[in-house]
Amino acid sequence: MENFILYDALEKSDHTVVYKGRKKGTIKFVAIHRIEKCKRCELTNTVRMIHDLNHPNVVKFDEWYETSNHLWLVIELCTGGSLEKLITQDGHLPEDSIRKFGVDLVSGLHFLHSLNIIFCDLRPSKVLFDCYGKLKYADFGLSKAEEENLEEVFQKFLEMNDINPRDDEELIKKQPTKGSPNYMAPEVLKGGDMTVTSDLWSLGCVLYEMYTGHQPFQAETFQELVDKIVNDDYPPPKVIGSKPSLKPSSEFLDLLKRLLEKDPYKRITWFDLVHHPFWEGELENLLKQFFNNTSNGTDISSDEKLNHSVLSSDSEHSQSTQDISAAPTFEEEQTVTQSTSAHDNDASIAEEVNTSITSSPIADLNTFKPKMHTVGETSLGEGLFTLSTRSSTNIPSKNHSISLVQSCGSPTYPNEVLQNPESNTGLLELLYHPTDFNVTPIADNPKITKVIPLKYEAKSLPIAPYGVEKILTLSEKAYQKHISQIIDIFLNVEKGPPTQKRHNFLNYLGTLVSNVTIANSLVNHGMLTHLARQAKDSNNTDLRSKLSRVAALLVNSTTEIEDVVNVSEPITIFTELLRDNLKNGKLRHSLLPAVGELLFLVACQESQRGESIENWSVPTMTHTIIAKCCREEGDIIVNHLAAKIIENVTTTFGHHAQKFATNEIGQSLWYLYKQTAMDSLQITVILALCRITRLSVSVFQNVLDSVGVASVLDTFSSGITRIHQAVITMFGALLSAGYCVPRLLQDKKAAFSPPEGHRLMMYIERDIQGTVADPKVYSTSDHLTSCLTKLCDVIVKSVPYIIKEILDALDPISRRQHISNAILIRQLRLALPQVDIIPSLISSNLFRNRIVSDKFCRDIGNLLIHVKDIEVYGTNIDAVIGPGSTTDFVTQIVSVIYTMSQHSALLQQHYDVITGIWLRTLVQLTACQDTPTRESCLWLVAELASFYLGQEQNSHRDGQFTKKLHSLIDDYLLPQCEQILLDQDPLPSYALKLFGVLLDHSPGFIKYIEKHCLITVIFQVLIDHQHNPVSSAVKTIVKILRCIVGHKETNMSDLYEQGLIGHLIGLISELNPTCMEPANPSYKVSVEMLHDLLDTLHGNLKYISDVVRKVIQAKKHGNEDIIDNNRAEQLLLLNKAFIDVNPLLVQLMCHADCEIQEIATKLLSLTAQLFGGECQDALTDENMIFYCKALKIADSKRQKLILRIIKRFVTVEKHHTNTLKQNGLELLNVIKSLSHTASSTADIAITSLANDILKIGGVA
């Protein structure tokens, strides 16, 4: 948290304190939440939901951290308090305020639902006001993706944070996964899942509470509340004490009724909610902000699927009010946007900095965790977690449907992808999905301009006022007669200015031409030419506009046109009129759609026929004037219309589309995108550029060269999924053509950074296995799987070429300190950033086995050798590429080796390369000067050594690997091990871990340790860490001492000189209290260490026992040696101090761990044999109690050993005999109970020992 200044606490709750804070070096104020770790799951869920969301009604995420005691969340500061507080203070709110705040609530919820996010716990306390009075959704702890199981997600969070759910069931139980029951929908209370419709119910509850000041359903008990919500109607909304004139409006009552509908299948849909009259049109902006899937053209009945639709965006077809009311239901299908520019620190979300000595020194190996501060207080990943499927665009209306076969033809493909010599046939078909060629009308498009409905008076028409349905039911003869009458009346133009009657007839005509059948008939009867001529002849602006609009609507609905129909004349006339009236805003807005629809009709028809038609020729001026309108300053409608024309025409592959595939058009479109803030125009512009890229990749290349890769990638900062999709498609087309690969990789922002790479791999793995369950609805699942499969193939084939480029760039600078050659510098700048890709691929289950081969391992070994050369010779890569480049390169290579070390199958498969190249180089790198590199390499050497030594032991090999490893460590590591062991943690821990591994598998390694005089150093490390006896360093040293003492060739004198006895006694004494308290957090580690210490002590006492036994035997045979006698006496004198641990050993005979019981009994037996007469406290009252317990729980073998110990004490020391007689009644009774039965040899021995002790104790 060192990046923030904390001020006063703003709010406190049971588990959270919210502070006002400020980011250092800025005046950016934020809200800093200090959260207890019991809320880890809810906080992690909040972060995974909001970390890349960017919407005015959702709080913005900044950072999150973890410290030893708390979790910290930094988000946007909302100073206005919560909606709950406002309702409490004011009692209730008027409808005008509810409408204003409701717009914010609906807009934010619509945004979340469009991303497949269910808020799940919508209530006033979870919605905050910013300083401008705007409402923002704030607490996403219980939110989830649709059809996601939140309990499974929470369990995953706990597993990721090394919290075993089986070991911590209480923590699992504390994690709520449901919201407040007062706002919960009936179907959820019945056990159903949270859905979009349940969120809408909660929205209704909040609106009701805003009006009345209380919730719609209230009860004293939970069961009573459930019963009311499920079965009872909500009370009519009424403000207590209000005047009758303040009754709620009918619109508000209707909105509540439809939101609080108990049947989720009948509850209001998003489409109806946004268009509800209560909002007075204030939610129309949603049409410009979001896009989603429209209907597939068939009604979906309520019993098949809930209508969870949201509004479609700019690419939808516009419809009249009558059309909308009859429109089929919408079905939601959406993608989650990922904002790449929300925070520069987002890359750190996939990193964890562990404050303690961890199992891995590599910082970026753990993902999806908060940042850890090394001192006190201080990101989930991404992922798990947001959805990332290709968005489905809208299904076009019948008359605008362009099939991929019709529009795409057979594009040509490059011979290589990423310098891969293998062909990529079919790649572009996968990049461009059929839905990428959906089109929306140019004329009467509500996304571009406000559409005034065409209304007419039937009584004033000079013809029978038949509607579309009536006309279509006429007989063929009557139908043709009516069409002829329409044309005749249209051609019968009265003299003078246009009358109202004329306008009325044109409105009638405009309503008819929306039908495909009628439109085709009129066009093939020459109506287009008549409309164009009258528009040319008229001097009345209103009439020209009306004629142009009707012509545009007519062409928009036309699907079939005969070759003999003259289209050239009308398109020429409208183009000339547009040219001559460019300064007339009203005419421009009506003429340009007519020109565009005509051009698009011709382009589509010629594309279908595969040839140009003479009667349909288009003047060059048409394309020129559209391009000019695209650049027109000051008229956003003209710009939008021109971009929409280009977007539609470029769905085809004919010469008309090719005329727009120019660098000039590309630059104009990009300029429009950057200059406008309108979402709908931005979508149109980017889609047009995407379709041009299909025709000519060089246009997008030109844009990249002009504005830079970073500028284009900034498009991902928008919240518009359709733009993201189009930009990704353009980059895919660019790469598939072999363009710009070095340019993309050279730009640091475009390179794979590890967090983004890991996230991408996760999404690919998940999505490539995804399926869609409903076969009735058009699904993109097969297409998505094909795309991802092709992507995987390209990536896998590209890896060897990427590594070769890196090696080719590094080979010429090997062992150089400075690089001055311009060509070499350029090669490094292009090649080295590509190394970031490799760890992301190797960490993926999908790619790992396909990429890793012997050649790959050799290449990684060669890269590792370059790492060694860079470290040894100090090659200055940072000066060439930029600060931190060397560290990044080394970290990525080490990360690859780390990932490989976690997969035993790969280590076995590539044994020769790994042990022959990798291990040698890693051992050599332990001598480098860079501390992080030394740490990583030491850790990896220990891991690889442990694996291969274990394999060698299990497979009974000839020990060649052990010899090779010992030789390497002896040559490169041990000479500088004293410096390593005395360095700061974690270096000593990793070195000690390696020693422990080596001694465990080969005790003979002790000779190398003694050779380099490291015993003294090891004890010095023990002294340095004695303040923390359960630290990993002390734990490893204890294991090492156990191996050393247990080895026959060990020179024990050296160990005694270093204070082995004192250290053993001290450690056993310090660990014993903890080992007696199972509830202690350090219990498990302490017991494990105590076992090793007792083993070490046992080895030492066995050594003394052997020496003493030899001396005694020599005396018996008359071969007494004075030197041996002195040596035995010295050993007994040195180790006499172990008598002090006898009381602890007596206690440990009753320990819960059976192994501890056994080793403690053996140790007590040895001390009794060696120092029996000097153990003055052997039979204290307390010890005799433990002897009783031990005899009761021991098996016959251990009972016999315990009885021998007691007999030894009472035999050699009269003081112990008297103590037993005076105070040992209970112990004697227990021993007496053992003397009764003698059914086996063991029992006979026990009986004999028991009787001997009883006799000494004076018991008959």
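**Exercises on buried residues, helix contacts and backbone angles**

Lys257 is exposed, with a relative accessible area of 56%. Here buried means under 20% relative accessible area, exposed means over 50%, and partly exposed lies in between, computed with a 1.4 Å probe on protein chains only. The model is predicted, so local features need pLDDT of at least 70 and side-chain atom pairs count only at pLDDT 80 or more, while totals for chains, interfaces and linings use all residues. Residues are numbered from 1 along each chain as its sequence is written, and side-chain values use heavy atoms, with hydrogens and water left out.

**Exercise 1.** State how many residues the largest nonpolar core has and which of them have the most contacts inside it. Then list the contacts of Phe889.

Solution. Step 1: a nonpolar core is a set of buried Ala, Val, Leu, Ile, Met, Phe, Trp, Tyr and Cys residues joined through side-chain atoms within 4.5 Å. Step 2: the largest such core has 171 residues, and Ile806, Phe856, Phe889, Phe995 and Tyr1187 have the most contacts inside it. Step 3: helix H51 (residues 1083-1116) gives this core its largest share, twelve residues. Step 4: a second, separate core has 111 residues, including Leu543, Leu578, Leu599 and Ile665. Step 5: apart from neighbours within four places in sequence, Phe889 is in contact with Ile806, Leu810, Leu832, Val835, Leu863, Val867 and Ile870.

**Exercise 2.** Describe how helices H55 and H56 cross, and name the residues that make the contact.

Solution. Step 1: the axes of H55 (residues 1181-1193) and H56 (residues 1196-1212) come within 8 Å and cross at roughly 155°. Axes are lines fitted to C-alpha atoms, for helices over the stretch in contact, and angles run from 0 to 180 degrees between N-to-C directions. Step 2: H55 and H56 are therefore roughly antiparallel. Angles over 145 degrees count as roughly antiparallel, under 35 as roughly parallel, 65 to 115 as roughly perpendicular, and the rest as oblique. Step 3: the crossing is left-handed. That word applies if the near helix is turned anticlockwise from the far one by less than a right angle; clockwise would be right-handed. Step 4: H55 contributes Tyr1187, Ala1190, Leu1191 and Ile1193, and H56 contributes Arg1198, Gln1199, Ile1202, Leu1203, Ile1205, Ile1206 and Phe1209. Step 5: by class, the contact has nine nonpolar, one polar and one charged residues. Ala, Val, Leu, Ile, Met, Phe, Trp, Tyr, Cys and Pro count as nonpolar, Asp, Glu, Lys and Arg as charged, and the others, Gly among them, as polar.

**Exercise 3.** List the buried residues of helix H47, and relate Leu1041 to Phe1019.

Solution. Step 1: in H47 (residues 1015-1024) the residues Ile1015, Val1017, Ile1018, Phe1019, Val1021 and Leu1022 are buried. Step 2: these pack against several helices, among them H44 (977-981), H46 (1006-1011) and H48 (1032-1046). Step 3: Leu1041 is in H48 and is buried, with a relative accessible area of 3%. Step 4: Leu1041 and Phe1019 are 22 residues apart along the chain, with C-alpha atoms separated by 9.6 Å. Step 5: leaving aside neighbours within four places in sequence, Leu1041 is in contact with Phe1019, Leu1060 and Thr1096.

**Exercise 4.** Describe the backbone at Cys1013 and at the peptide bond from Asp985 to Pro986.

Solution. Step 1: most residues other than glycine have a negative phi, and most peptide bonds are trans. Step 2: phi of Cys1013 is positive, near 55°. Step 3: Cys1013 lies in the loop between H46 and H47 and is exposed, with a relative accessible area of 56%. Step 4: the bond from Asp985 to Pro986 is cis, with omega near 10°, and Pro986 is in the loop between H44 and H45.

Technical notes:
Helix = DSSP H or I, 4+ residues; strand = E, 2+ residues; numbered from the N terminus. Contact = heavy atoms within 4.5 Å.
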